[in-house]
Amino acid sequence: MSRLKPVEVSTNAFRFCRLTVALIFWIALFTQSKELIILNFIIMAVSALLKVRHAPLVLLWALTIDKIHPSKTEVVDENGMVFAHGLGATLSLIALAILYAGFTIPGWTFVFFLCVLKTSSAFGYCGGLKLYMCMNSGSCCRVGKAVKKITHV
C-alpha cells in the first residue's frame, strides 16, 4: 500500500463534490436512470485518475464559485482519495453491470446501497477512505482487518 500524501483542497469544493455525487445517485435511483449512474461512474473514474485536486467537480467549484467567494482549505490524503474514488467507480460499474444484465430489482437495490454510502460520504464519513486508512495503519475494525489479511497474503 502507498503512504499517506496530504494535499490541500478547497473545503467548499470538496463538499460540493461529495454532495453532488450523492445527489446524482439519489436522482438516478428515483428516476431509474442508468445514464446518471454512468455519469457518476465517469465522475468517480476521472477523479481517481486526475486525483482530488483536479477532480472534475472540485475544479468546477474552484474555477467558478471559489473565484468569487474563496473558502478555507482542508488537508486530505491524496492516495486515500484515489483509492476511494476508484472504489466508487468500481461499485458504480458493478451497479451498471447488474442493471444492464437485466436484474432490475437487485440492481436498483445495489444503487440504493450506493446512495446510502455516498450520502454518508457527503456528510463526512467516507467508507472507502476509512478502508484505505485502515489498510495503511494498524487501527482497523474487524472487516478492515480481514481485508488487510487478504491483501497481504
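At 39% relative accessibility, Lys-5 counts as partly exposed, a class that lies between buried (under 20% relative accessible area) and exposed (over 50%), with a 1.4 Å probe and protein chains only. The model is predicted: local features need pLDDT of at least 70 and side-chain atom pairs count only at pLDDT 80 or more, while totals for chains, interfaces and linings use all residues. Residues are numbered from 1 along each chain as its sequence is written, and side-chain values use heavy atoms, with hydrogens and water left out.

## Salt bridges

The structure holds two salt bridges, each defined as a side-chain nitrogen of Lys or Arg within 4 Å of a carboxyl oxygen of Asp or Glu. In one, the side chains of Lys-5 and Glu-78 meet at 2.9 Å, N to O. This pair links distant parts of the chain, 73 residues apart: Lys-5 is in the segment before strand E1 (6-10), and Glu-78 is in helix H5. Glu-78 itself is buried, at a relative accessible area of 2%.

Arg-53 also forms a salt bridge with Glu-78, at 3.3 Å from N to O. Here the partners are 25 residues apart, with Arg-53 in the loop between H2 and H3 and Glu-78 in helix H5. Arg-53 is partly exposed, with a relative accessible area of 38%. Through shared partners, the salt bridges join Lys-5, Arg-53 and Glu-78 into one network.

## Overall fold

The chain has eight helices and two strands. These are DSSP runs numbered from the N terminus, with helices (H or I) of at least four residues and strands (E) of at least two. Along the sequence the pattern is β-α-α-α-α-β-α-α-α-α. Of the 153 residues, 39% count as buried.

Contact means heavy atoms within 4.5 Å. Among contacts between residues at least 6 apart in sequence, 74% join residues at least 24 apart.

## Nonpolar cores

A nonpolar core is a set of buried Ala, Val, Leu, Ile, Met, Phe, Trp, Tyr and Cys residues joined through side-chain atoms within 4.5 Å. The largest one has 25 residues, and those with the most contacts inside it are Val-21, Phe-25, Ile-37, Trp-108, Val-111 and Leu-114. Helix H1 (11-31), helix H2 (34-50), helix H3 (56-63), H5 and H6 each supply at least two residues of this core. H1 gives the largest share, seven residues. A second, separate core of six residues includes Val-9, Phe-14, Val-52 and Met-81.

Leaving aside neighbours within four places in sequence, Trp-108 is in contact with Ala-28, Leu-29, Gln-32, Ser-33, Lys-34, Ile-37 and Leu-99. Ser-121 is found in helix H6 (residues 104-122) and is buried, at 10% relative accessibility. Not counting residues up to four places away in sequence, Ser-121 touches Arg-18, Cys-126 and Gly-127.

## Aromatic pairs

The structure holds four aromatic pairs. Rings of Phe, Tyr and Trp (its six-membered ring) pair if their centres lie within 6.5 Å; planes under 30 degrees apart count as stacked, over 60 as edge-to-face and the rest as tilted. Two of these pairs involve Trp-26, as tabulated here.

| Pair | Centre distance | Plane angle | Class |
|---|---|---|---|
| Trp-26 and Phe-30 | 5.9 Å | 20° | stacked |
| Trp-26 and Phe-112 | 5.9 Å | 80° | edge-to-face |

Trp-26 and Phe-30 are four residues apart in helix H1, so about one helical turn separates them. Trp-26 and Phe-112, by contrast, lie in distant parts of the chain, in helix H1 and helix H6, 86 residues apart. Ring pairs link Trp-26, Phe-30 and Phe-112 into a cluster.

## Surface

By the Shrake-Rupley method with a 1.4 Å probe, where only the protein chains shown count as cover for residues, the accessible surface of the chain comes to about 8700 Å², and 71% of this belongs to carbon and sulfur atoms. Ile-38, Ile-42 and Tyr-100 make a nonpolar surface patch of about 280 Å². Patches are made of residues with over 30% relative accessible area and no salt bridge, with like charges joined within 9 Å and nonpolar side chains (Val, Leu, Ile, Met, Phe, Trp, Tyr) within 5 Å.
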